[in-house]
Amino acid sequence: MSIFQRIFKFAQAESHAVLDKIEDPIKLTEQGIRDLKNDLQAAMSSLADVKSMAINTRKQAEAAKSRAAEYEKKAMLLLQKAQFEDMNMAEAERLATMALEEKGRQDEEFTRLNAEAEQHEKMSAQLQSNVNKIKSTITKYENELRTLKARAKTAQATRKVNEQIAKVDTSGTVAMLERMKEKVAADESLAAAYADLAADNNSLENEIDAALGSTAKTDAQDKLAALKAKMGM
Amino acid sequence: MGLFDRFKNKAQHDAQVDSITNLTLTSMRPGFLVDYDLKTWEVKAANRYEWGSMISLEWQLVSADDTIYLECETDDETEWSISRPISFRSLGESVRRAIMETGDGPDQVSWQGQTYYLEETAGGHFFANGQVTGKAAQSDEGAPLLQWGYETEDGSSYLTIEQWGDTDFQAFAGGPAHEYQFSNILPPAR
């Protein structure tokens with residue numbers, strides 16, 4: 001491996017390590033959910049389009065069906081009118097034929113619109129299923145995110161407690177206490193040393209006093225005897 | 001566009017996306033679509049009624065071959081109902097006469113073989129598409145109306161009579177509804 005390749009590999013490995021450090025799984029999941037919601041918004045908009053078209057086409061189909069029934073009714077009325085001699089039969093048949101032709105056109109229109117409405121309804125059912133899938137994925141991710149956040153919080157708290165127990169305290173409280181303990185111990189040792197020193201000095205002085213003490217006592221006894229003699233006792 | 005405007009726009013977009021993906025019945029406005037009773041309905045109007053201190057909301061839902069009214073009333077708890085317009089004449093002449101003579105609806109009404117008992121009487125104001133708030137809506141006093149609400153003994157069917165003018169009456173028949181019966185709420189297509 002050439003030197004440049006090695007440098008490149010090293011840089012690549014380091015950059016991955018840095019990215020791994022920066023990557024926050026919670027933030028990444030949140031962004032994923034936001035992206036999915038954008039997809040959902042687009043899918044819902046398309047679905048609304050298709051559903052609106054389905055409603056309108058179905059409405060038009062129903063109107064064509066009603067018009068066809070109306071023209072058939074009119075043709076029947078014309079023939080009935082002619083039958084009861086209110087109208088010339090030939091004229092009634094001519095108009096009835098025209099009405100039936102119009103009924104045929106409306107029937108065709110109904111068939112066409114009905115097929116179109118069915119197509120829209122089929123498409124909207126497919127889109128609805130996609131929208132539902134995205135919605136359920138978002139719900140699943142949101143639930144996972146909630147769990148992830150709770151777990152992260154728990155892990156953080158547990159780590160802190162364990163650090164404190166292990167005395168590897170990041171906030172420095174335990175370290176500070178340890179330092180304090182050491183300082184107190186050192187002070188105590190110093191105090192003890194001074195105490196020992198003081199004790200040594202005392203004993204030396206005592207000994208000297210003790211040694212000198214007997215002379216002082218004799219002096220005092222001599223002085224007392226002299227005083228008694230002076231008083232004639 | 002400044003940097004902060006960019007952040008503000010992004011926050012607004014996120015809020016909008018959130019509101020679109022968590023739609024509820026009460027968020028429906030004209031143009032929204034909703035599935036109910038195996039049909040897709042388009043919201044034609046979202047109206048508001050004010051009954052003194054109380055407010056009720058009403059959505060006119062139109063399908064390819066039907067029109068229904070979805071109503072939401074919040075008192076101690078939220079109650080939903082569905083109704084369809086019926087002919088006021090079909091309630092019989094005695095109902096009209098009773099209201100004209102006494103100024104109040106009769107204690108009970110018979111319609112299509114069922115007896116409905118007077119449950120509540122109210123006077124209020126109607127705001128067409130009144131869910132839209134703003135100065136125009138606030139300054140609008142709304143159309144005054146009187147309403148008599150009837151129920152069958154078991155509470156499974158409702159009948160409502162509305163008086164909009166001296167001789168202008170409307171009647172609706174329906175029953176209780178539940179939010180879970182409505183699904184797939186969609187905002188208008190862009």
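This is a predicted model: local features need pLDDT of at least 70, side-chain atom pairs count only at pLDDT 80 or more; totals for chains, interfaces and linings use all residues.
Residues are numbered from 1 along each chain as its sequence is written, chains are lettered from A and ligands numbered from 1 in the order in which they are written, and side-chain values use heavy atoms, with hydrogens and water left out.

**Exercise 1.** Find how many bridges join β7(B) to β8(B), and how many join β2(B) to β7(B).

*Solution.* Nine bridges link β7(B) with strand β8 (residues 143-151) of chain B, and the two run antiparallel; in β8(B), Trp148(B) is the bridge partner of Thr121(B). Strand β2 (residues 39-51) of chain B is also antiparallel to β7 (residues 114-127) of chain B, with three bridges, and Arg48(B) stands opposite Phe127(B).

**Exercise 2.** Describe the volume and the lining of the largest pocket.

*Solution.* On a 1 Å grid over the protein atoms alone, a pocket is an open set of points with protein on both sides within 12 Å along at least five of seven lines, and its lining residues have an atom within 4 Å of a point. Its volume is the space filled by probe spheres set on the points, which are joined across faces, edges and corners. The largest pocket holds about 650 Å³ of space. Among its 29 lining residues, the closest to the centre are Glu71(B), Glu73(B), Glu79(B), Glu120(B) and Tyr158(B). The largest share of the lining, five residues, is given by β5(B). Sorted by class (Ala, Val, Leu, Ile, Met, Phe, Trp, Tyr, Cys and Pro nonpolar; Asp, Glu, Lys and Arg charged; the others, Gly among them, polar), the lining has nine nonpolar, nine polar and eleven charged residues.

**Exercise 3.** Describe the largest nonpolar core, and the contacts of Phe182(B).

*Solution.* A nonpolar core is a set of buried Ala, Val, Leu, Ile, Met, Phe, Trp, Tyr and Cys residues joined through side-chain atoms within 4.5 Å, where buried means under 20% relative accessible area (1.4 Å probe, protein chains only). The largest such core has 38 residues, and Trp59(B) and Phe182(B) are among those with the most contacts inside it. The largest share of this core, ten residues, comes from α2(A). Contact means heavy atoms within 4.5 Å; leaving aside neighbours within four places in sequence, Phe182(B) is in contact with residues including Leu25(B), Val34(B), Leu61(B) and Ala177(B).

**Exercise 4.** Decide whether Ser63(B) is buried or exposed, and list its contacts.

*Solution.* Ser63(B) belongs to the loop between β3 and β4 of chain B. Ser63(B) counts as buried because its relative accessibility is 3%. Leaving aside neighbours within four places in sequence, Ser63(B) is in contact with Ile55(A), Lys59(A), Lys39(B), Thr40(B) and Trp41(B).

Technical notes:
Two strands pair if DSSP finds at least two bridges between them. Helices (H or I, at least four residues) and strands (E, at least two) are DSSP runs, numbered from the N terminus. On a 1 Å grid over the protein atoms alone, a cavity is a set of points where a 1.4 Å probe fits but cannot get out, and a pocket is an open set with protein on both sides within 12 Å along at least five of seven lines; lining residues have an atom within 4 Å of a point. Buried means under 20% relative accessible area, exposed over 50%, partly exposed in between (1.4 Å probe, protein chains only).
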